[in-house]
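Q: I have a model open and want to learn to read its features. Where do I begin?

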Amino acid sequence: PPMTPEFAGLAFDLQSFHALCEEVLALVTCESQALLNQNYQPGEFNQKRKSLLPDLESALVKLSERRKNRRQTVQPEEIKTLFQTIESLLMKILLLDRENQQTLLRRGLVPAMHLPAVAAQRPHYVSDLYQKYSALRGGGSVS
């Protein structure tokens with residue numbers, strides 16, 4: 001189908017969101033490398049995350065509004081491709097961020113203020129839970 005003004009606006013918003021996803025992926029990749037190289041400075045990554053949040057929220061609001069106002073028509077191939085590319089990027093981000101979180105937990109680098117009160121009194125509580133449930137999911141035995 002030809003690109004209508006409605007789809008042209010959607011394509012622009014999707015491209016903007018794609019660019020933000022690329023920034024997030026770059027941030028998560030840098031964090032992963034810092035964790036591997038023992039150069040991890042949590043404040044640096046947390047600040048960068050906080051600076052990206054308003055832009056991500058704004059982009060998601062725009063896309064949500066477009067979705068509400070969209071008529072049910074066949075999407076041009078460019079729009080389908082953008083959705084697939086963004087979906088792939090989001091999966092990469094989620095997987096890499098999950099790996100980073102697991103590394104932080106194993107090293108005991110999760111700040112106590114982010115743990116439940118009981119866990120804060122036992123420094124390796126979350127790490128132990130992670131190991132316990134990893135063993136269960138992998139079919140191993142847990143003592």
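Q: What share of contacts in the protein between residues at least 6 apart join residues at least 24 apart in sequence?
A: A contact means heavy atoms within 4.5 Å. Among contacts between residues at least 6 apart in sequence, 78% join residues at least 24 apart. This is a predicted model, where local features need pLDDT of at least 70, side-chain atom pairs count only at pLDDT 80 or more, and totals for chains, interfaces and linings use all residues. Residues are numbered from 1 along each chain as its sequence is written, and side-chain values use heavy atoms, with hydrogens and water left out.

Q: How many helices and strands does the protein have?
A: Both are DSSP runs, numbered from the N terminus: helices are H or I with at least four residues, strands are E with at least two. Here there are 5 helices and 0 strands. The order along the sequence is α-α-α-α-α.

Q: How much of the protein is buried?
A: Buried means under 20% relative accessible area, exposed over 50%, and partly exposed lies in between (1.4 Å probe, protein chains only). Of the 143 residues, 29% are buried.

Q: Which residues have the most contacts inside the largest nonpolar core?
A: A nonpolar core is a set of buried Ala, Val, Leu, Ile, Met, Phe, Trp, Tyr and Cys residues joined through side-chain atoms within 4.5 Å. The largest one has 26 residues, and Leu14 and Phe17 have the most contacts inside it. Helices H1 (5-36), H2 (42-69) and H3 (77-106) each supply at least two of its residues. H1 gives the largest share, 13 residues. Leaving aside neighbours within four places in sequence, Phe17 contacts Leu56, Ala59, Leu60, Leu63, Ile86 and Leu90.

Q: Is Ser32 buried or exposed?
A: Ser32 sits in helix H1. Ser32 counts as buried because its relative accessibility is 15%. Not counting residues up to four places away in sequence, Ser32 touches Leu96 and Asn100.

Q: And is Leu36 buried or exposed?
A: Leu36 is also part of helix H1. Its relative accessible area is 66%, so Leu36 is exposed. Leu36 and Thr103 lie 67 residues apart in sequence, yet 8.8 Å apart in space, C-alpha to C-alpha.

Q: What span should H3 have?
A: The expected span of a helix is 1.5 Å times one less than its number of residues. H3 has 30 residues, so it should span 44 Å; its end C-alpha atoms are 44 Å apart, which agrees. Buried residues in H3 include Ile79, Leu82, Ile86 and Leu89. Just after H3, Gly108 has a positive phi of about 70 degrees.
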